[in-house]
Number of protein chains: 2
Amino acid sequence: MDKKKNVTFNDIAKYTNFSKTTISRYFNNPDSLTLENQQIISDALVKLNYQENKVARILANGKTEFIGIIIPDLYHHFYSEMLNRILSTYETFHYKFLVFIGDKSEEIERQYIQELLAYKIEGMIILSHTIPSEELSTLPIPIVTIEREDKFVCSVNTDNYMGGYQAAGLLARHRCDILIHVNSPSSELIPAHGRLLGFSDFCREHNIDHQIILKEFGHTHDSAKPMLEAILGKLECDYEGQKKGIFVSNDTNANILLNLLIRKHGTLPDDYYLIGFDNSPISREAILPISTIGQQIDTIAYEAVSLLVEQMNERKKRKPIPLNKPIHKVLPPILFRRETTEKSTAQTSL
Amino acid sequence: MDKKKNVTFNDIAKYTNFSKTTISRYFNNPDSLTLENQQIISDALVKLNYQENKVARILANGKTEFIGIIIPDLYHHFYSEMLNRILSTYETFHYKFLVFIGDKSEEIERQYIQELLAYKIEGMIILSHTIPSEELSTLPIPIVTIEREDKFVCSVNTDNYMGGYQAAGLLARHRCDILIHVNSPSSELIPAHGRLLGFSDFCREHNIDHQIILKEFGHTHDSAKPMLEAILGKLECDYEGQKKGIFVSNDTNANILLNLLIRKHGTLPDDYYLIGFDNSPISREAILPISTIGQQIDTIAYEAVSLLVEQMNERKKRKPIPLNKPIHKVLPPILFRRETTEKSTAQTSL
């Protein structure tokens, strides 16, 4: 059989001496055939190299082994690293990933999801914030979200609250006079909001002066830099002579702030302590390795795919037992103390 | 019609009053039906929401609108940015992307490609270096490669030779005494090898002392850093007091080298000029914006998808005209002069 030529129902019918209607029934309603006849056709498909056309198999059993991923951008190192890790689970789970960048238009994202559903994807991992989880939960396939609003769907997240609490704690142990948290405005419903809560709670519980600065920094270096420059200018004025501990909600922006400080002062000044969030590559690639609250990106990726696979497998059972309520896995953050806070032990003067 | 329920051939047969065999023929051999009857069935599929199951449409016309992507890693900013741009063409071309990370194992990559073919993907964009283009050219779908060996397949690449030539030219204009090129060992067949050739040719043509340093830097910051540290130590010894112009083959490593220099000297010393390659985000996010040879990543991504779509469309014609020989699109690089070379105009002392 020539591998390049598609095997048709006609070919299978000839080979098995069944009618084309029978072959058609095999794909559309296999239970209408005896197990014996199913086996004969199934064997013929192998002989005829029909296994090369998984599309037919999908029609037969609904198993596409496709997972859809919707990710907001690959500019933030957190997302590109997360995508890297999710895709790398192919070697373990053998699922194939259809990837879509989207975080702006509900309409385009819905259109994309509808397309994916039409292709019979078996599950989705969603990192974009566009569509509410209540709507996602009505989709006919299992969903796992990562670091986004997840009330009605399964999710794998970092314990952001603990992360914010740890960040404030580290800055407080360095006896900063004022703790500052720089973040983007976010709904209380998204996990990352916990960073702000953990930070605030620590400061309140320990009676530490603190300020929260919320800005839309956009998705590019060029949009974020001037805003962070303005914030820094204001901090220098407002807290002159005070020891400032700054907790930035992601490493990408923490790096920009660090560069601005070093460009201005020739070094990270003694009255500045800086910690980011994510433990993304830039926190290590920066001029001074940046202290950060690490998300366990490889574990999150693995757990998300694993949780999704479990549910996809459940749906393939004859009597699938649906989940009573969504599963929310929460992974502890890891504090990385690096040179932007541990100044005594490091070469901080450049 | 309940949207969640699959529409079967039976449903379509009932609705149209055709036999199931006729419905089956519509999908498998539509030309055996009159155009009128094809239209009746086609209309019924719309009414019955059958358009929701694209898998059936694939069986009928082979158009999956899937493109496979194989990318070596998302650690190098060049690759994550390229993937970002390729995925973003969804809004223009409406193709869906199946993405795979692979650059090590021929066996796993072949297995992955076979899987993708079984799912009837229509084309592939390949950035990994694993499988020779001669083998890729035997696959039954169009292939476009980006920045890899491409003798037997279509490709979109940067004019790497011109890039290397420009980089050396810029360093020479700054009257460097010695030009150094830091790269990984590469086959002469890959486009990036042109960086080395362009650099060498410029130096030879202009009688400039130069040295080529080739090392396997690996795929992580931790593997590359100590090697670049050793290289820098040797350069400081070998060319003490001389004005050194260093052309690093990618921005990720150029950033590491820049940080090492600034960490050691408190500033980028006057006798060092540095230029990277790619114009990837790190070249802007670095402590000093790094001069670089820009690849037009957005244009490359667009051209690659566009070239692939052209060929995929050609194959759908009744009498497709195969390409006589592979098309190789080459895009000019763009020189970005930034602070690691343009010292007179910039604040270079930190």
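**Figure 1. Sequence separation of contacts, and overall dimensions, in chain A of the predicted model.** Of the contacts in chain A between residues at least 6 apart in sequence, 71% join residues at least 24 apart, two residues being in contact if their C-beta atoms, placed from the backbone, lie within 7 Å. The radius of gyration of chain A is 26 Å, whereas a compact globule of 350 residues would have one near 20 Å; the radius is taken over C-alpha atoms, and the globule rule is 2.2 Å times the number of residues to the power 0.38. The C-alpha trace of chain A spans about 90 × 40 × 35 Å along its principal axes. Of its 350 residues, 47% count as buried, a residue being buried if 20 or more other C-beta atoms lie within 10 Å of its own, exposed if 12 or fewer, and partly exposed in between, with C-beta atoms placed from the backbone. This is a predicted model, in which local features need pLDDT of at least 70 and side-chain atom pairs count only at pLDDT 80 or more, while totals for chains, interfaces and linings use all residues. Residues are numbered from 1 along each chain as its sequence is written, and chains are lettered from A and ligands numbered from 1 in the order in which they are written.

**Figure 2. Domains and secondary structure of chain A.** The domain assignment gives domain 1 (9-61), domain 2 (66-158 + 297-333) and domain 3 (160-296) in chain A, with bounds that come from an automatic or database domain assignment. Between the C-alpha centres of domain 1 and domain 2 of chain A the distance is 33 Å. Chain A contains 14 helices and 12 strands; helices (H or I, at least four residues) and strands (E, at least two) are DSSP runs, numbered from the N terminus.

**Figure 3. The six-stranded open sheet of chain A.** In chain A the strands follow the order E7-E6-E8-E9-E10-E12, with mixed pairing, where two strands pair if DSSP finds at least two bridges between them. Strand E7 (210-214) and strand E12 (334-336) of chain A stand at the edges with a single partner strand each, so one side of each is left without a neighbour in the sheet. From one strand to the next the twist averages 20 degrees; axes are lines fitted to C-alpha atoms, for helices over the stretch in contact, and angles run from 0 to 180 degrees between N-to-C directions. Within this sheet, strand E9 (residues 272-278) and strand E10 (residues 291-294) of chain A are paired in the parallel sense over four bridges, and A:Asp278 has A:Gly294 in E10(A) as its bridge partner. Helix H10 (residues 193-205) of chain A packs on the sheet and touches strand E6 (178-183), E7, strand E8 (244-248) and E9 of chain A, its direction making about 170 degrees with that of E6(A).

Figure 4. Strand E5 (residues 154-158) of chain B is mostly covered, five of its five residues being buried. In a regular strand the side chains alternate between the two faces of the sheet. Here B:Cys154, B:Val156 and B:Thr158 point one way from E5(B), B:Ser155 and B:Asn157 point the other way, and all are buried. Strand E4 (residues 143-146) of chain B pairs with E5(B) in the parallel sense over three bridges, and B:Ile146 stands opposite B:Val156 in E5(B). Strand E11 (residues 328-331) of chain B runs parallel to E5(B) and is joined to it by four bridges, with B:Thr158 opposite B:Leu331 in E11(B).
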